[in-house]
Amino acid sequence: MVASVGGAFALGVVGAPAVVDVENRFGPVSQETTVIETDLVVNNPNPIGVQLGGTTVNYTVNMNDVGIAAGQKEGLDVETGNSTLNFSTEMENSKIPEWWVTHVRNGEVTNVTIDAQVQTSLLGGQEFNLEQNKQVETDIIGQFNSDETRPVNGPESPLYSNPVLYINETSGEWGSVTDAETPIDMGFTVYNPQAKPYTITEVGYEITMNGIKVGEGATDRTYIIPGGATETIETQPAIQNQRLDDWWVSHLENDQVTQLKIDFYAKIELPTGNQIRVPLDKLTYEKTIETDIFGTKESSDGASNGEATPTQTDSGDEPTDSPVDSPVDSPVESPADSPTGSPLPTDSPSDDGTATDDGILELPAV
């Protein structure tokens, strides 16, 4: 049978089998590996099935040229018409940081390329290829850019009057990503409504993705903000890329959905010499990131959406124009329009807040 079929192929009497479709899905994921399940459809145009003992099917999956999966199947029995061949391969999660770097450097765009080949000895070793291309886009920090005015309050205290500060503008963009970390260049335009100057000695941050800490740190620059004046504070939160393989596991376990959160705090030195730590809750940045890398994720109504382009919304039922909570009633456009507050007293600090070992008052979130 094989000999006669081979002769028929050579004479062009029957057609050659070919790959006509490839579908990939993410299977079980562990801390070390991710299973990729593949359905590869091979078409046999001949009226009878053929045992293709000399046929090999190879396929590869790349994300921005980073190989994340490869498989091979030999000794295939192909029925007439379409036959679906099932593959299961494992991807090392350690490849995720490498892919992440390419994604950010490429403007948050990933090109997913799936290449399948059929090679059969019946046709003198000829190859038949099928290539699929999909694109995944995200906008992770775009909505951090905002000109919404937000007050920063501390607890009631004779040391100052609230708000302690106003944040009039925020901006953010990716810095120069390296293999080790992904920095975010951020700036905050802040206004001091008090009559006396403040000294901001530190701005700190913590970055989490699905509750997994992927970065933390603080500025080492001091900013002096005169009373009734504005100043731009620059900080550079950074994602530690080596922690992204842990995030990847949570992303898949959560149906390719990630909750990104960046929390900030500031240490402020008052004219009295006291130093307070203020949680900058109005600066907290939250972002919902959803991907459909292979375009086969099931939508909420149970039907495949067929799209490889993800959606991103802020947390909550509806997308919002900015990542912050809500605007204040009277936005502060400029120092001249802003409330000036009352002068800071110079007497000893009150009992409000909790003093730490280094003399810094820990203030509760507002």
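This is a predicted model: local features need pLDDT of at least 70, side-chain atom pairs count only at pLDDT 80 or more; totals for chains, interfaces and linings use all residues.
**View 1. Helix α3, largely enclosed by the rest of the structure.** Helix α3 spans residues 244-253, and eight of its 10 residues are buried, so the rest of the structure largely encloses it. Buried means under 20% relative accessible area, exposed means over 50%, and partly exposed lies in between (1.4 Å probe, protein chains only). Helices (H or I, at least four residues) and strands (E, at least two) are DSSP runs, numbered from the N terminus. Look for Leu244, Asp245, Trp247, Trp248, Val249, Ser250, His251 and Leu252, the buried residues of α3.

**View 2. The largest cavity.** A cavity is found on a 1 Å grid over the protein atoms alone, as a set of points where a 1.4 Å probe fits but cannot get out; its lining residues have an atom within 4 Å of a point. Grid points are joined across faces, edges and corners, and a volume is the space filled by probe spheres set on the points. By this rule there are three cavities of 30 Å³ or more. The largest holds about 110 Å³ of space. Of the 14 residues lining the largest cavity, Trp99, Thr138, Trp247, Ile289 and Thr291 are the closest to its centre. The lining of the largest cavity has nine nonpolar, five polar and no charged residues. Here Ala, Val, Leu, Ile, Met, Phe, Trp, Tyr, Cys and Pro count as nonpolar, Asp, Glu, Lys and Arg as charged, and the others, Gly among them, as polar.

**View 3. The second largest cavity.** This one contains about 60 Å³ of space. Its lining is made of 10 nonpolar residues, with no polar and no charged ones; among them are Leu165, Phe188, Ile200 and Leu283. Strands β9, β10 (181-191) and β11 (198-209) each supply at least two residues of the lining.

**View 4. Thr34 and its surroundings.** Thr34 sits in strand β2 (residues 33-44) and is buried, with a relative accessible area of 0%. Its side chain makes a polar contact with the side chain of Asn93 (2.6 Å). Such a contact is a pair of N or O atoms within 3.5 Å; within protein, one must be able to donate a hydrogen and the other to accept it, and residues adjacent in sequence count only if both atoms are side-chain atoms. Leaving aside neighbours within four places in sequence, Thr34 is in contact (heavy atoms within 4.5 Å) with residues including Phe26, Met91, Trp248 and Leu252. Thr34 and Leu252 are 218 residues apart in sequence, yet 9.0 Å apart in space, C-alpha to C-alpha.

**View 5. Backbone details in the loops.** Most residues other than glycine have a negative phi, and most peptide bonds are trans. Asp65, in the loop between β3 (50-63) and β4 (66-78), has a positive phi near 70° and is exposed, at 74% relative accessible area. Gln256 has a positive phi of about 60°, but is buried at 8% relative accessibility. A cis peptide bond joins Asn162 and Pro163, with omega about -5°.

Conventions:
Residues are numbered from 1 along each chain as its sequence is written. Side-chain values use heavy atoms; hydrogens and water are left out. On a 1 Å grid over the protein atoms alone, a cavity is a set of points where a 1.4 Å probe fits but cannot get out, and a pocket is an open set with protein on both sides within 12 Å along at least five of seven lines; lining residues have an atom within 4 Å of a point.
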